[in-house]
Amino acid sequence: MSLLCLGLEGTAHSFGAGVVSSKGEVLSNVWHMLSPAEGGIHPREASRHHSDMGPEIVKRALDEAGISHNDIQLVSFSRGPGLGPCLRTTATMARTLAQKLSVPLIGVNHCVAHIEIGCLESVFEDPVTIYVSGGNTQVIAFAGGRFRTFGETLDIALGNMLDVFGRTIGMRFPAGPSIERTAAKGVEYHQLPYSVKGMDLSYSGMLTAAKKLHLEGVPVADICLSIQETAFGMLAEVAERAVAHTKKDELLLTGGVARNNRLTEILEGVAERHGASFHRVSPPLAGDQGAMIAWTGILQHQAGDELPISDSHVMPKWRTDEQDITWRCKL
Amino acid sequence: MQTLKKQLLTLGAESAIYIVEYWGKTLALKWRPIKPYLHNEIDKLLRTSRTSRECKMLTFVRTLGVPTPAVHFVDISHHLIIMDFIEGQQLKQLVGVSSKKRIASLCHEFGKLLGIMHLSDVVHGDPTTSNVVVDTQSKMWLVDFGLAEKNATIEMKGVDIHLLRHTYETTHWDLQETMLESTMDGYIEVSGDAAEPVLARADEIRERGRYH
């Protein structure tokens, strides 16, 4: 009989609940994203969103999975990294459920969960992972018992850069999809700061330069084209360095920005050049959602991990490389 | 160039390195091929500027006393350089096979070379253990200068140190403390008082990453 885990995700703008079995079947994956009419994400508003929407989303996740709360044998939650108020709201729901149902509680690292759900879907064993979202831009690979961050942004995340630029030209959050559609109409490339430092990147200079182009009256479609080509080109270089350096033969694209088709095309090219397999997570598993937390919870549980309620404080600054990845130690 | 006898040595992130027989010598040919998946203007700009930069910096840095392969031939329009082939092993390959003492002494030397460059306001731009080659006579060479820059500021030097530390953490986690300590000893030995602001900036840069 396989184990069923309910995973709760709530690190930033989205709240999600998913039910996954220990065989790796995603039985349900329900989420809702806060999309303010104007402006960005305010942590307090987002945590309010999670506490308002949470109970209904959990109920729908159980209904869609066709199970009752008594069938849940494990509760996992996104313990970090993320916005403090959002993490605390989600952790409170998870603790309550675990105690009420008398099942073990598991604290999951949000970034690690993005990698593991990608590995589940792609059947990759040991990939170089490009994790790109509104809050994170990391190039990660497993080595010596940890997921090591080979490269990351030194300032803002790729998705954040896209969102903030989108906001200045009147696009609603999240702006990535609108930028992709607008870029498709772009014709002329305008040079933007290309900032790669070893395997690290920086996107803040590009944001400033793109805003400046907008003030100078450069067509929005051309700016969107230039942003995508430059930003994704930088990421391709870093991915390439990581693949060449680690000699791994799988390349995984995960996180909300994985939905971008142009980025996917570029990274496919990188993988092909280095003879690596490529996979991008499917759209339902790309953004922040509960299934990835549930699946990683199962992996941790199987490796003997359990989090006592008394120690289950949230970890807003929990780095990807800080957790011992016990379930992968055979690698 | 078709008559060249060549053998692929490594396929790096942005270039392919071949061993060629040329002028009766064994040399290294570094070629930056087209990346069809990139926007062609970005691709062309990067390949041209890095080839040109690499040639200049390999030569310039040698005048400072840092061993680098001599450039024999360059073709900017085809993005290729022919330079000395250094027969040896990357520092990266030596970690794990050589004794801890030897690695510490090599890192000390690496730190000194980096210090010499920084004192003359030059940064390497990608100071990883893959770009340090130790030849068969145990002489250390620095390679891969496509990201190197002159007129470096404290910020740029800080990035160099940050990248080096990052490599030790991700690739040589077992020996990272020893390697970092030895490298910094060599670096400070050469840099003196100039080291302090750079190391402080490197710490600051590290803090800018997420969740530190």
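1. Ground rules first. This is a predicted model, in which local features need pLDDT of at least 70, side-chain atom pairs count only at pLDDT 80 or more, and totals for chains, interfaces and linings use all residues. Residues are numbered from 1 along each chain as its sequence is written, while chains are lettered from A and ligands numbered from 1 in the order in which they are written.

2. Domains of chain A. Chain A splits into domain 1 (4–113 + 286–320) and domain 2 (115–285); bounds like these come from an automatic or database domain assignment. The C-alpha centres of the two domains of chain A are 26 Å apart. Across the boundary, 19 residues of domain 1 of chain A are in contact with 26 residues of domain 2 of chain A, where contact asks for C-beta atoms, placed from the backbone, within 7 Å.

3. Who makes up that boundary? On the domain 1 side of chain A, the elements giving two or more residues are helix H3 (110–122) and helix H10 (290–302) of chain A. Helices here are DSSP runs (H or I, at least four residues) and strands likewise (E, at least two), numbered from the N terminus. H10(A) has the largest share of this side, five residues. By class, this side of domain 1 of chain A has eleven nonpolar, eight polar and no charged residues. For the classes, Ala, Val, Leu, Ile, Met, Phe, Trp, Tyr, Cys and Pro count as nonpolar, Asp, Glu, Lys and Arg as charged, and the others, Gly among them, as polar.

4. H3(A) and H10(A) pack at about 85 degrees with axes 8 Å apart; axes are lines fitted to C-alpha atoms, for helices over the stretch in contact, and angles run from 0 to 180 degrees between N-to-C directions. The two helices, H3(A) and H10(A), are therefore roughly perpendicular (angles of 65 to 115 degrees count as such, under 35 as roughly parallel, over 145 as roughly antiparallel and the rest as oblique). From H3(A), Val112(A), Ala113(A), His114(A), Glu116(A), Ile117(A) and Leu120(A) meet Ala291(A), Met292(A), Ile293(A), Trp295(A), Thr296(A) and Leu299(A) of H10(A). That contact comes out as nine nonpolar, two polar and one charged residues.

5. Still on helix H3 of chain A, Ser122(A) is found there. Ser122(A) counts as buried because it has 20 C-beta neighbours inside 10 Å; the cut-offs are 20 or more other C-beta atoms within 10 Å for buried, 12 or fewer for exposed, and in between for partly exposed, with C-beta atoms placed from the backbone. Leaving out residues up to four places away in sequence, Ser122(A) touches Leu252(A) and His279(A).

6. The core. The largest nonpolar core has 160 residues, and those with the most contacts inside it are Met161(A), Leu235(A), Ala239(A) and Leu267(A). Such a core is a set of buried Ala, Val, Leu, Ile, Met, Phe, Trp, Tyr and Cys residues joined through C-beta atoms within 7 Å. Helix H7 (residues 220–246) of chain A contributes the most to it, 13 residues. Beyond its neighbours within four places in sequence, Leu235(A) is in contact with Ile130(A), Val132(A), Leu158(A) and Leu201(A).

7. Helix H4 (residues 158–168) of chain A is mostly covered, with eight of its eleven residues buried. Among the buried residues of H4(A) are Leu158(A), Met161(A) and Phe165(A), but also Asn160(A) and Asp163(A). The cover includes strand S6 (128–132), strand S7 (137–143), helix H5 (176–183), helix H6 (204–215) and H7 of chain A. Just past the end of H4(A), Gly170(A) has a positive phi of about 85 degrees.

8. Chain B has domain 1 (5–84) and domain 2 (88–208), with C-alpha centres separated by 22 Å. Twelve residues of domain 1 of chain B are in contact with 13 residues of domain 2 of chain B. The domain 1 side of chain B divides into seven nonpolar, two polar and three charged residues.

9. Finally, the chain interface. In total, 23 residues of chain B are in contact with 28 residues of chain A. On the chain B side, helix H1 (40–63), helix H4 (154–171) and helix H6 (195–208) each supply at least two residues, and H4(B) gives the most, with four residues.

Terms used:
Contact = placed C-beta atoms within 7 Å.
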